[in-house]
Amino acid sequence: MTDHDFPAGDPDERELYLRWLRFLRGAVVRKASGLDDAAARWRPNNALLSLIGIVNHLTHVEWRWIDGEMRGEATHHSRTEFDPGPEPTIAEAIAAYRDRATATDRFVRAAQLETPCRAGDGRDLRWVLLHLINETARHAGHADATRELFDGQVGE
């Protein structure tokens with residue numbers, strides 16, 4: 001299965017979640033691919049998020065939830081993840097997102113879905129995965145809108 005294939009059912013709940021997350025990540029990457037750095041930073045009427053901002057934000061979201069909430073490592077929020085400035089390039093941002101996806105998937109496959117978050121608020125890995133799917137889907141929609149407004153590209 002590639003990140004381009006619509007997810008099929010899977011009796012393994014964990015793999016079903018990961019298939020959806022892979023598909024949605026792929027949709028975001030496809031919208032951000034093929035653009036130069038200036039185009040990847042474009043925002044319609046200075047509204048919405050740029051494509052590089054979306055990719056960068058989603059990388060940080062996975063990092064905060066997996067490394068922070070699940071592993072208990074120190075993480076932080078930063079408004080600059082939505083508007084990263086001149087660095088990174090879009091190619092670097094996509095590479096970082098793919099690396100983060102690999103780390104997330106590796107953690108998910110090694111942990112139980114019932115593993116609780118460190119915050120002790122009743123959330124567990126299953127909840128985190130559903131949240132990551134939701135967050136990625138929301139921003140995939142933003143990426144669709146931004147790309148269509150930028151150059152008319154529609155579809156996948």
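Buried here means under 20% relative accessible area, exposed means over 50%, and partly exposed is in between, with a 1.4 Å probe and protein chains only.

Before going on, the ground rules. This is a predicted model, in which local features need pLDDT of at least 70, side-chain atom pairs count only at pLDDT 80 or more, and totals for chains, interfaces and linings use all residues. Residues are numbered from 1 along each chain as its sequence is written, and side-chain values use heavy atoms, with hydrogens and water left out.

Back to Arg-25. What does its side chain meet in a salt bridge? The partner is Asp-105, at 3.1 Å, N to O. A salt bridge is a side-chain nitrogen of Lys or Arg within 4 Å of a carboxyl oxygen of Asp or Glu. Arg-25 sits in helix 1, residues 13-32, and Asp-105 in helix 4, residues 90-110, so the pair ties together parts that are 80 residues apart in sequence. Asp-105 is buried too, at 10% relative accessibility. Helices are DSSP runs of H or I with at least four residues, strands are runs of E with at least two, and both are numbered from the N terminus.

How many salt bridges does the rule give? Twelve. As background, side chains of opposite charge can pair when their charged atoms come close.

First pair: Glu-135 and Arg-138, joined by a salt bridge at 3.7 Å, N to O. They are three residues apart in helix 5, residues 125-151, so about one helical turn separates them. Glu-135 is buried at 10% relative accessible area. Arg-138 is partly exposed at 45%.

Next pair: Asp-151 and Arg-147, at 2.9 Å, N to O. Both lie in helix 5, four residues apart, again about one turn. Asp-151 is partly exposed, at 40%.

There is also a network. Salt bridges link Glu-13, Glu-114 and Arg-126.

Now the whole chain. It has five helices and zero strands. Along the sequence the pattern reads α-α-α-α-α. The radius of gyration is 16 Å; a compact globule of 156 residues would have one near 15 Å, so the two agree. That radius is taken over C-alpha atoms, and the globule rule is 2.2 Å times the number of residues to the power 0.38. Along the principal axes, the C-alpha atoms fill a box of roughly 45 × 35 × 20 Å.

Burial next. Of the 156 residues, 46% count as buried. The chain exposes about 7900 Å², and carbon and sulfur atoms supply 53% of that. Those areas come from the Shrake-Rupley method with a 1.4 Å probe; for residues, only the protein chains shown count as cover.

Contacts. A contact means heavy atoms within 4.5 Å. Among contacts with a separation of 6 or more, 71% are between residues 24 or more positions apart.

Charges. The chain has 20 positive and 26 negative charges, and their mean positions are 2 Å apart. Lys and Arg count as positive, Asp and Glu as negative; His and the chain ends are not counted. Each charge is placed at NZ of Lys, CZ of Arg, CG of Asp or CD of Glu.

Met-70 lies in helix 3, residues 51-70. Its relative accessible area is 3%, so Met-70 is buried. Leaving aside neighbours within four places in sequence, its contacts include Trp-65, Phe-107, Pro-116, Leu-125 and Val-128. Asp-99 is 29 residues from Met-70 in sequence and 18 Å away in space, C-alpha to C-alpha.

Thr-146 lies in helix 5. Thr-146 counts as buried, at 1% relative accessibility. What does Thr-146 touch, not counting residues up to four places away in sequence? Trp-42, Pro-44, Leu-48, Leu-49 and Leu-51.

Last, the backbone. Most residues other than glycine have a negative phi, and most peptide bonds are trans. The peptide bond from Glu-87 to Pro-88 is cis, with omega near 0 degrees. Pro-88 is in the loop between helix 3 and helix 4.

Then come two asparagines. Asn-45 has a positive phi, near 50 degrees. Asn-46 has a positive phi as well, near 55 degrees. Asn-45 is in the loop between helix 2, residues 37-40, and helix 3. Asn-46 is found in the loop between helix 2 and helix 3. Asn-45 is exposed at 78% relative accessible area, and Asn-46 counts as exposed at 62%.
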